[in-house]
Every structure is written in C-alpha cells, then in structure tokens.
Amino acid sequence: MTNFNDIFKSSFLENVTSVSLLDMLITLVLAFGIGLFIFFVYKKTFSGVMYSSSFGGTLVALCMITSMTILAVTSNVVLSLGMVGALSIVRFRTAIKEPMDIAFLFWAIAAGIVLAAGMIPLAVLGSVAIGVVMLLFLNRKAVHNPYIAVISCADFEAEKRVVETLTRETEKAVIKSKTVQDGLIELNYEVRLKGENTDFVSLMAQQEGVRSAVLVSYNGDYLG
C-alpha cells in the first residue's frame, strides 16, 4: 500500500547525499591546489612564442572539473554510463600550438581523476614529482642559442669573405640553404654565438659586395 512517504520519494533527492559535503570540499580544494601548482610549473617552464594566461587558468579549471565529474561517476554506476555516452559526443577543435601543452592538459586531467578516486597521496606526490621533472628538464636554458644568419651577396668573392667572417666570429656555422638568382647570392646559416656579441653582423654588412645581413633568433629543434 502506498503511503505518504512514497508519494514524495524521489531518486533525484536521494542522490543529493550520495557524496558527502566533506568529500566534495576536500576533493575540490585539493584539485584547486594541484591545479595552481600545475599552472605555476607551466608558467615557469613556458618557452613558446606567446604566453597565454588563459591556458594556465584552463589547467586549474580542468583539474577541478575532472575531479568533480569523477566524484559523481564513482558514486553512481548508472550515472557513469550516461556520462561516458555524453562525453563521447564532445569534440574539441582548438589547436594545440605547443607539444608540451598536451602533457600539461593530461597532467591536469590525471590529477583530477586520481584525486576523485580517493588516491590523495598518489595525486599530491605524483604531481610534485612531475613538477620537479618539468622544472629540471624544461626550464633549462640552452647554452648556445641557435640563430639564423641571412646574408645577401653580390658575387662569389663577397660570399667567400662572409663565410670567413662567420667561421672566425662564431662558434659554429652550418649552411642551411643557398639561393643564386640574377647574380644575387642569398645564404642562410645556422650559427651559434661565442657569447652575446653580435657585432660581426655589422662587419659583414659593411663588407664590399654584401647587400644585407640579418640575424634572427629561433627556437627550432636541432641536433648538436
């Protein structure tokens, strides 16, 4: 026989207490703290062209969102199946400009999952270990920063003098390309400086037969 309590019985209201407030508070606070740590490591190790503060904020939010989602999934098996189906139709089309950004995204997601699963020591100690590795290996400044020297010469003699100057004034000079068109010779050299002095560029530009000399810094991958 249906009684008064059965009329107002609701499975939705029963789910309100499926996750305790203390669990929610601890998980979200820890997710926020680890997300801030990931953001700090990202900021310290960033070596791209343009720094995006919004991406750093995304790492914090992603860690908290993931922990909240997994916390809900672990409390209800039916919800977990529905969540898998809902998330499977989501498509992200934002291009990842830096390869290391993918590692930070997965780090934030993994930290949120591990936290919500109750493995707090693994989430905290694992994040600290990953952060130390990131700071040690990604924050190192190259001793010999690579540069590209672009020189336009009028003839072979000018080219010969330019090569001699590069060999003498730089630690290493490797030709990348050479273009000859309408009597004009354009040289592209990858050079590594002996120090911070770039006066040799002015010397080359003043040499007879040299039309222009440009030195450009770049972050290309190279084998030394």
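This is a predicted model: local features need pLDDT of at least 70, side-chain atom pairs count only at pLDDT 80 or more; totals for chains, interfaces and linings use all residues.

User: Which ring does Phe 55 pair with, and in what geometry?

Analyst: Its partner is Tyr 42, in a tilted aromatic pair with 5.0 Å from centre to centre and 50 degrees between the planes. Tyr 42 belongs to helix 3 and Phe 55 to helix 4, so the pair links distant parts of the chain, 13 residues apart. Tyr 42 is buried as well, since its relative accessible area is 3%.

User: How many aromatic pairs are there in the structure?

Analyst: There are four aromatic pairs. One of them joins Phe 37 and Trp 107, whose ring centres are 6.1 Å apart; with the planes at 85 degrees, the pair is classed as edge-to-face. Because Phe 37 sits in helix 3 and Trp 107 in helix 6, this pair ties together parts that lie 70 residues apart in sequence.

User: And how accessible are Phe 37 and Trp 107?

Analyst: Phe 37 has a relative accessible area of 27%, so the residue is partly exposed. Trp 107 counts as buried, at 5% relative accessibility. Ring pairs also connect Phe 37, Tyr 42, Phe 55, Phe 104 and Trp 107 into a cluster.

User: What else does Trp 107 touch?

Analyst: Leaving aside residues up to four places away in sequence, Trp 107 is in contact with Phe 37, Ile 38, Val 41, Ser 127, Ile 130, Gly 131 and Met 134.

User: Let us move to the cores. Which residues of the largest nonpolar core touch the most other members?

Analyst: That core has 18 residues, and those touching the most other members are Ile 34, Ile 38, Tyr 42, Leu 59, Cys 63, Phe 104 and Trp 107. Helix 3 (21-45), helix 4 (53-75), helix 6 (99-116) and helix 7 (120-138) are the elements that each contribute two or more residues. Helix 6 supplies the largest share, with seven residues. There is also a second, separate core of 17 residues, which includes Ala 158, Leu 193, Phe 200 and Val 201.

User: You listed Cys 63. How many disulfides does the structure hold?

Analyst: The structure holds zero disulfides. Cys 63 counts as buried because its relative accessibility is 0%. Cys 153 is likewise buried, with 0% relative accessibility.

User: Now the charges. How many salt bridges are there?

Analyst: There are four salt bridges. Among them is the one between Lys 178 and Glu 159, where the closest N and O atoms are 2.9 Å apart. Lys 178 is part of strand 2 (residues 170-181) and Glu 159 is part of helix 8 (residues 156-169), so the bridge ties together parts 19 residues apart in sequence.

User: What about Lys 176, which residue does it meet?

Analyst: The side chain of Lys 176 meets that of Glu 190 in a salt bridge, at 3.4 Å from N to O. Lys 176 lies in strand 2 and Glu 190 in strand 3 (residues 184-193), so this pair ties together parts that are 14 residues apart in sequence. Glu 190 is buried, at 8% relative accessibility.

User: Which other salt-bridge partner does Glu 190 have?

Analyst: Glu 190 also forms a salt bridge with Arg 192, with 3.9 Å between the closest N and O atoms. Arg 192 is buried, as its relative accessible area is 12%.

User: Finally, how do strand 2 and strand 3 run, and how many bridges join them?

Analyst: They run antiparallel and are joined by ten bridges. One example is Thr 179, whose bridge partner in strand 3 is Glu 186. The two strands form a hairpin with two residues between them, and Asp 182 in the turn has a positive phi of about 55 degrees.

How values were computed:
Residues are numbered from 1 along each chain as its sequence is written. Side-chain values use heavy atoms; hydrogens and water are left out. A disulfide is a pair of cysteine sulfur atoms within 2.5 Å. Buried means under 20% relative accessible area, exposed over 50%, partly exposed in between (1.4 Å probe, protein chains only). A nonpolar core is a set of buried Ala, Val, Leu, Ile, Met, Phe, Trp, Tyr and Cys residues joined through side-chain atoms within 4.5 Å. Helices (H or I, at least four residues) and strands (E, at least two) are DSSP runs, numbered from the N terminus. Contact means heavy atoms within 4.5 Å. Two strands pair if DSSP finds at least two bridges between them. Rings of Phe, Tyr and Trp (its six-membered ring) pair if their centres lie within 6.5 Å; planes under 30 degrees apart count as stacked, over 60 as edge-to-face and the rest as tilted.
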